[in-house]
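The structure comes first, and the notes follow by topic.

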Amino acid sequence: MVKMKEACGLFGVFGDPSAVEMTYCGLFTLQHRGQESAGIASIVDDEIHTYKGMGNVASVFKGRHLEDLTSDKAIGHVRYSTTGDSLFENAQPIVVRYQSGRQVALGHNGNLVNRNALRKELEEQGSIFASTTDSEVVLHLLARMHTQAEDLETALIATLRRLKGAFSLLMLWKDKMIAVRDPWGFRPLWYGKKDGAHLFASETAAFDIVRADTHDEVKPGTFVIVDENGRRDVEYIEEKPTPAHCLFEHIYFARPDSRLFGGDLVQDVRIAAGRQLAREHHVEADLVCAIPDSGNQAALGYSLESGIPLGFVFVRNHYIGRTFIKPSAKDRIAGADLKLNVITSAVKGKRVVVIDDSMIRGTTGKKRIQRLREAGASEIHFRISCPPTRFPCYYGINFKSKGELIASQKSLDEIRDFLNLDSLGFLSMDGLLDCVTLPADNYCTGCWTGNYPVLDDLDDDFERS
Ligand code: SF4
């Protein structure tokens, strides 16, 4: 079976002598999207050179690695994965040589839902795979198509039409870079400019960091080619589906200083979600506080709307990765103990509204509520700035079965009792959709509603809802 690859970060620069250094900075900015591995591929003397390793960007790259990669064209990737999938051979960018010695490097964000079927087909035709990722399937298909097609673009179009599910891709040849977005636009992918250079990034915050201008999104169902002649967009699908942008990116995954789908600033969406949460689930209380960091903006919104003062209660240790990202449940529980401390005097004898962005497994939330009780909070009202997450995600976020989702296993009353809360409230689906500007049907809401935009060709190892 092809292992699942999760939400990742992509960054690329074409046409700047500092392309590698900028890619390094871009990956640093996108580190929250993946901490399992990091890699950069660049063009040196007309050949693709690459360096990648397990761990975060700072631990993988030392000074000499960047010097060895020095180039005006580079792509980079940070990866987020699950148990069993955390292997060096799955680190990206993947670099291959195919027909007539052509070389290509590829980074992928998202999950192909028909990856096993495609891999089986390719293996039956003699393909040999070096990794367990779905991303390698794309390269094999492309190499095969390129032997039959008259040019790269025709081969790429034929390849992309075989893929189902979520794929934002960044590809590098010695003379061009191509950025691809799947027809539904599940994962973000942006185009930026800095002087004469072309840039691509999963999130716009990465452009800010390297002082590049955010230009526009790579449109769903389109690939953008940049080469010495400039930029060209190619629409590769015959019929456009309704977009299905991942709404969970706004709630949890993306940085608050990034813009997503249609240009909404993540911070604004999260504050609006907090305000809406206050309207839907008001309670008399002395203090609003966030589970940092991803609950911060929603807590501000809740406080502004309710008039209840916002306070700092939890202090986060920034030297521990996001516990949700750790590969095993054991790590998640151990990590949660170390990550946050409570300022006892801030909550003692107070009625506290605690805001978090989402509730997935409930393990971390339980520990935090327990810490608040120990600190002497007189009432604890837990508010979540998205609906209950009841269904698995097939498109690149790491919850794959209902069994691991607390809201799928317990009723809201049972969750309230399990967490030892005075009250519990989740934002409604309509309330959340009111916080973003694109029409409601332009977003994927599958993990909350069970309504999935792409179910055709779903591989057998996915748990169906
Ligand atoms: S199922 Fe949820 S996490 Fe997955 S793409 Fe859809 S909204 Fe995003």
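Helix 9 and helix 10 are oblique to each other, where oblique is what remains after angles under 35 degrees (roughly parallel), over 145 (roughly antiparallel) and 65 to 115 (roughly perpendicular) are set aside. This is a predicted model, in which local features need pLDDT of at least 70 and side-chain atom pairs count only at pLDDT 80 or more, while totals for chains, interfaces and linings use all residues. Residues are numbered from 1 along each chain as its sequence is written, and side-chain values use heavy atoms, with hydrogens and water left out.

**Helix packing**

- Helix 9 (residues 266-280) packs on helix 10 (residues 296-306) at about 45°, and their axes are 6 Å apart.
- Helices here are DSSP runs of H or I with at least four residues, strands are runs of E with at least two, and both are numbered from the N terminus.
- Axes are lines fitted to C-alpha atoms, for helices over the stretch in contact, and angles run from 0 to 180 degrees between N-to-C directions.
- Helix 5 (residues 134-148) and helix 6 (residues 152-160) cross at roughly 130°, with axes that come within 8 Å.
- That angle makes helix 5 oblique to helix 6.
- The crossing of helix 5 and helix 6 is right-handed.

**Ligand site**

- Around the ligand are Arg187, Cys246, Leu247, Phe248, Cys393, Tyr395, Ile397, Cys444, Gly446 and Cys447, each with a heavy atom within 4 Å of it.
- Helix 8 (247-253) and helix 17 (446-449) are the elements that give two or more residues to this shell.
- The shell divides into 8 nonpolar residues, 1 polar and 1 charged, where Ala, Val, Leu, Ile, Met, Phe, Trp, Tyr, Cys and Pro count as nonpolar, Asp, Glu, Lys and Arg as charged, and the others, Gly among them, as polar.

**Cis peptide bonds**

- Glutamine 92 and proline 93 are joined by a cis peptide bond with omega of about 5°.
- Proline 93 is in the loop between strand 4 (73-79) and strand 5 (94-98).
- A cis bond also runs from proline 292 to aspartate 293, with omega near -5°.
- Aspartate 293 lies in the loop between strand 17 (287-290) and helix 10.

**Positive phi**

- Aspartate 46, not a glycine, has a positive phi of about 65°, and its loop is between strand 2 (37-44) and strand 3 (47-54).

Definitions and conventions:
Left-handed = near helix turned anticlockwise from the far one by under 90°.
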